[in-house]
Amino acid sequence: MQTIGIVGAGQMGSGIALVSAIAGLEIVINDVNESALQRGIKGTASNLERMVSKGKISADKAEAALRRIKGSVAACDFGQCDLVIEAATENIRVKEEILRHLDSVVSPSTMIATNTSSVSVTRLGAALGNPGRFIGMHFFNPVPVMSLVELIRGVQTSDATFDAAVRFARRVGKTPIAVKNAPGFVVNRILVPMINEAIFVLQEGLASAEEIDVGMNLGANHPLGPLALADLIGLDTLLAIMEVLHREFGDSKYRPAPMLREMVEAKYLGRKSGQGFFAY
Ligand code: NAD
């Protein structure tokens, strides 16, 4: 693989661009929102600077990586890509529309992946003429720090696509695990209901946000408390994942906490909006 396309320049898309560029790949990153695109590229640049100041990467290598990232507001620039990763907003309709569009602009040999946190990879694959070339490639946040990638095969995903996804994940320094297609896959099926429960605990007034997080830091040895983690993931993304789990399993144990819904209505989305369970 030489050239990677990324759709969505939010926290995940820009993180995937960063690790791929450090691995020597050329990147074309696209966002519908011009200012989100600029923010994503700027964030990547400051991430690289931080890595240089911590001695994790040389200044030359960081500069070269940044030069390999090209921003674009036109998805048609993906024509030369060997792999395109969709990392746009967690919304089935948005993702299906992006995939239908990609199908018409990329070459027939281009592999296509989604970074969805919860949506069925089989369903998304059905938006493509050749779903054999499609796979779920679920990175974790923050991408430069977290080593895991869940690789999710849809019913139609070919063995060649899966093998290429394993090679790509290793090339960008990640450890892939093979996961079956099911709502939330493995990690979010366990993690997100736990965070949702922490929001119920807050809503019921059992403890303050700080105390809930200290409780899980010191009592369960979690490096980040569930509410700080909620703010890092993004409350809109969390709500979307809980809604998928609730709808797909039809089990009330996955109902989103009303407080989570109300915070999203208020546009308190966590770190990315400056306000979540904590202020940033
Ligand atoms: P985000 O809100 O930071 O960024 C999403 C970006 O997608 C925005 O910049 C938005 O403008 C852009 N976008 C929306 N529609 C688009 C379109 N049609 N074409 C191009 N760009 C479009 O969200 P994020 O946290 O980066 O999440 C992106 C994806 O990654 C979601 O599917 C999410 O579930 C998944 N994910 C998120 C996390 C996390 O912790 N936040 C972890 C793993 C996976």
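Analyst: In this predicted model, helix α8, residues 209-219, packs against helix α9, residues 226-233, at an angle of about 105 degrees, and their axes lie 7 Å apart. Angles of 65 to 115 degrees count as roughly perpendicular, and α8 and α9 are therefore roughly perpendicular to each other. On the α8 side, the contact is made by Ala 209, Ile 212, Asp 213 and Met 216. These residues meet Pro 226, Leu 227 and Ala 228 of α9. By class, the contact of α8 with α9 holds six nonpolar residues, no polar residue and one charged residue.

The surroundings of the ligand can be described in turn. The ligand has 26 residues around it, of which Asp 31, Glu 90, Lys 95, Ser 117 and Ile 233 come nearest. Three elements, α1 (11-22), α4 (92-105) and β6 (134-139), each supply at least two residues of this shell. The largest share, three residues, comes from α4. The shell divides into twelve polar, ten nonpolar and four charged residues.

An N or O atom in the side chain of Glu 90 is 2.5 Å from an oxygen atom of the ligand. A polar backbone atom of Thr 89 is 3.5 Å from an oxygen atom of the ligand, and a polar backbone atom of Val 32 is 3.4 Å from a nitrogen atom of the ligand. On its own, the ligand has 840 Å² of accessible area, and the protein covers 87% of this area.

Conventions: Residues numbered from 1 in each chain as written. Predicted model: local features only at pLDDT ≥ 70, side-chain atom pairs only at ≥ 80, totals over all residues. Heavy atoms only, no water. Near = heavy atom within 4 Å. Polar contact = N/O pair within 3.5 Å; in protein donor to acceptor, adjacent residues only side chain to side chain. Areas by Shrake-Rupley, 256 points an atom, 1.4 Å probe, with all protein chains shown as cover. Helix = DSSP H or I, 4+ residues; strand = E, 2+ residues; numbered from the N terminus. Nonpolar A, V, L, I, M, F, W, Y, C, P; charged D, E, K, R; others polar. Axes fitted to C-alpha atoms, helices over the stretch in contact; angles between N-to-C directions. Parallel < 35°, antiparallel > 145°, perpendicular 65-115°, else oblique. Contact = heavy atoms within 4.5 Å.
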